[in-house]
Amino acid sequence: MKEFFEYTEELTVNDVDCNLKMTLAHTVDVLQILANENAERGGYGFKALLDSNNAFWVLTKIKIKCNTMPLHREKVVCKTWPITPGKLTLERDFEIKDNRGKVAVAATSEWCLIDAETRRIKRIDGNTVMPNIDYIEERALVGEYTKQKIEIGENDFCFERVIRSTDIDMNGHANNTRYTFMAMDCFTTLFLKDNDIDSYEIHFVKECTEGDKLLVFKKQISENGYYITATKGENQTVFRAFVNFK
């Protein structure tokens, strides 16, 4: 049987923005739920990996293409599937289809297996970590991740954000969805009301724990593109994000 997971949900008042469209924050939340459920049902979820390999999955990169954003009360079909893993990374793709059956959101992501004790990357042995899986090699989104290096300065500073207890997930660090909230908080409601997201990409560089103080920066790098990053401590990069608007 092909390895995938899907479910249908109706977008509620908590899932949409001032335009009644699904928010980017809810989008990444849906993708995380999909990935977790697919892994749990496949036998390579959180508890299974801790018991068998003393390890857990960590999302390192994700790229999202927003064709259209579904509306409040719209029923959407959300689907994910893993691609055959490499030695150090696992790619996982996603689709969110609107109520007409068209792909509203397509995404691809990269995951690493982290040792729970050393917090270092472990090799992915497909025979033990993800055995007996019939992979789907079809891709929802293709293309390389952005490698562009962006310099930031004091004039690019947006705000300060302290990691609190409600940010912490089951892995003991700030949940990756929190960083998308930070990225979008760099834009005003007025701006977002007039500008629809075309694509979003985020790279998770360093984990954060409760009490960490982040400095968040935003820099416009093209007519419709923005670079957003956060640092902590001695200028340690926490995440890098690229947001493009239509």
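The paragraphs below lead from the chain as a whole to a few of its helices, strands and loops.

This is a predicted model, in which local features need a pLDDT of at least 70 and side-chain atom pairs count only at pLDDT 80 or more, while totals for chains, interfaces and linings use all residues. Residues are numbered from 1 along each chain as its sequence is written, and side-chain values use heavy atoms, with hydrogens and water left out.

The protein chain holds four helices and 11 strands, where helices (H or I, at least four residues) and strands (E, at least two) are DSSP runs numbered from the N terminus. With a radius of gyration of 18 Å, close to the 18 Å that the globule rule gives for 246 residues, the chain is as compact as a globular protein of that length; the radius is taken over C-alpha atoms, and the rule is 2.2 Å times the number of residues to the power 0.38. Along the principal axes, the C-alpha atoms fill a box of roughly 50 × 50 × 35 Å.

Of the 246 residues, 48% count as buried, a word that here means under 20% relative accessible area, with exposed meaning over 50% and partly exposed the range in between (1.4 Å probe, protein chains only). The chain exposes about 12,800 Å², of which carbon and sulfur atoms supply 47%; such areas come from the Shrake-Rupley method with a 1.4 Å probe, and for residues only the protein chains shown count as cover. Among contacts (heavy atoms within 4.5 Å) between residues at least 6 apart in sequence, 70% join residues at least 24 apart. The mean positions of the 33 positive and 39 negative charges are 2 Å apart, where Lys and Arg count as positive and Asp and Glu as negative, His and the chain ends not being counted, and where the place of a charge is NZ of Lys, CZ of Arg, CG of Asp or CD of Glu.

Turning to the helices, N53 has its place in helix α2, which spans residues 46-53, and this residue is buried, with a relative accessible area of 18%. A polar contact of 2.7 Å joins its side chain to that of S52; a polar contact is a pair of N or O atoms within 3.5 Å, in which, within protein, one must be able to donate a hydrogen and the other to accept it, and residues adjacent in sequence count only if both atoms are side-chain atoms. Leaving aside neighbours within four places in sequence, N53 is in contact with K122, T128 and V129. Helix α3, residues 176-184, is largely enclosed by the rest of the structure, because seven of its nine residues are buried; these are N176, T177, Y179, T180, M182, A183 and M184.

In the loop between β7 and α3 lies N171, which is buried at a relative accessible area of 13%. Although N171 and A55 are 116 residues apart along the chain, their C-alpha atoms are separated by 9.9 Å. Most residues other than glycine have a negative phi.

Another loop residue, L141, lies between β6 and β7 (157-162) and counts as buried at 16% relative accessibility. L141 and A107 are 34 residues apart in sequence, yet 5.7 Å apart in space, C-alpha to C-alpha. Beyond residues up to four places away in sequence, L141 touches K63, I64, K65, D93, A106, A107 and T108.

Towards the end of the chain, T231 is found in strand β10, residues 225-232, and is buried, with a relative accessible area of 7%. Apart from residues up to four places away in sequence, T231 touches K213, L214, L215, F217, Q236, T237 and V238. In the loop between β10 and β11 (236-245) is N235, which at 61% relative accessibility counts as exposed. N235 and E160 are 75 residues apart in sequence and 13 Å apart in space, C-alpha to C-alpha.
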